[in-house]
Amino acid sequence: MGNRRGNNASKVERGFRGIKITDSVRIGVSLTLENFRNNPDEFEYEFPSSLSNLERAYVHKMSLKYGLKSKSRGKNQSRFVTVYKIDGSSIVKQDGLLTLEKECRDIVGQLLLKFPVSPKERADLLPITERSQSLINRDPNSFRKNNGRLASIAPKVPPSWGGKSCLQRRKDLPIWDFKSAIIQTIETSQIILVTGATGSGKTTQVPQFILEDAFVKQRPVRIIVCQPRRLAVTTVSERVAQER
């Protein structure tokens, strides 16, 4: 039994070689799957449809590694991945198909012409993770309003120095030796670019450095995390919060 598990794990790892994704998505998918697997009250989790084909393939392979099942549904831009546990999930292996006779299709067509589908009803047909992001019938001015929300967030002084319980693990990261240099560069520059190897701690530790420096100096600070995927933003924010 142990050898079979080892063979399956090695097959999954070999399958990763053909899938090239960003470090933020890799960390986000791993943390999401780990939290989902360890939560006894959750049986299904939907990844957003904004994932690319390669990123969905990575979710499928990582699900196997975590002992979970996964299924892609939807078409084109609405295609998304659902990860589920075998026990307690309502996911079936194949989606049911409903075939209508011509007479039924004609009646449905007439009803839709007489009673068109409203924008709200269209939004309700979207995947659960996308309903709050629907752009159907959206006022263009709302884009500017959302940008204005960032400016309306008041800078605050951090209430504590932060994650002392994770301090030793953080010190083991390669980026820890550059903490002073990064803070000093931020003080003297408007824009800085931090580069490093995967897993060096760039994404999670730079926000921590800024928060800790702000607490020591009792200076208000505001940090905005920007990532190409919403999943990466939430997981990075959760990781920083856990360390504090």
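Student: Which residues are linked in a network of salt bridges?

Tutor: In this predicted model, the network of salt bridges links Glu-187, Asp-213, Lys-217 and Arg-219.

Student: What makes the contact of Lys-217 with Glu-187 a salt bridge?

Tutor: The closest N and O atoms of Lys-217 and Glu-187 are 3.0 Å apart, and the cut-off asks for a side-chain nitrogen of Lys or Arg within 4 Å of a carboxyl oxygen of Asp or Glu, so the contact counts as a salt bridge. This pair links distant parts of the chain, with Lys-217 in helix α9 and Glu-187 in helix α8, 30 residues apart.

Student: Why is Lys-217 called partly exposed?

Tutor: Lys-217 has a relative accessibility of 43%, and because buried means under 20% and exposed means over 50%, with partly exposed in between, that value places Lys-217 in the partly exposed class.

Student: And why does Glu-187 count as partly exposed?

Tutor: The relative accessibility of Glu-187 is 40%, which lies between the limits of 20% and 50%, and therefore Glu-187 counts as partly exposed.

Student: How do you know that Arg-170 and Glu-212 form a salt bridge?

Tutor: Their closest N and O atoms are 2.7 Å apart, and since the limit is 4 Å, the pair of Arg-170 and Glu-212 meets the definition. Here too distant parts of the chain are linked, for Arg-170 belongs to helix α7 (residues 167-171) and Glu-212 to helix α9 (residues 202-217), 42 residues apart.

Student: What is the N to O distance in the salt bridge of Glu-212 and Lys-179?

Tutor: The side chains of Glu-212 and Lys-179 meet at 2.8 Å, N to O, and this value is within 4 Å, so the pair counts as a salt bridge. Lys-179 lies in helix α8 (residues 179-188) and Glu-212 in helix α9, 33 residues apart.

Student: Are Glu-212 and Lys-179 buried or exposed?

Tutor: Both Glu-212 and Lys-179 are buried, and Arg-170 is buried as well; the word means that the relative accessible area is under 20%.

Student: How many salt bridges does a search of the whole structure find?

Tutor: The search finds eight salt bridges.

Student: Which element gives the most to the lining of the largest pocket?

Tutor: Helix α9 gives the most, with seven residues, and the lining has 25 residues, of which Ile-186, Ile-192, Val-206, Pro-207 and Ile-210 lie nearest the centre of the pocket.

Terms used: Residues are numbered from 1 along each chain as its sequence is written. This is a predicted model: local features need pLDDT of at least 70, side-chain atom pairs count only at pLDDT 80 or more; totals for chains, interfaces and linings use all residues. Side-chain values use heavy atoms; hydrogens and water are left out. Helices (H or I, at least four residues) and strands (E, at least two) are DSSP runs, numbered from the N terminus. Buried means under 20% relative accessible area, exposed over 50%, partly exposed in between (1.4 Å probe, protein chains only). On a 1 Å grid over the protein atoms alone, a cavity is a set of points where a 1.4 Å probe fits but cannot get out, and a pocket is an open set with protein on both sides within 12 Å along at least five of seven lines; lining residues have an atom within 4 Å of a point.
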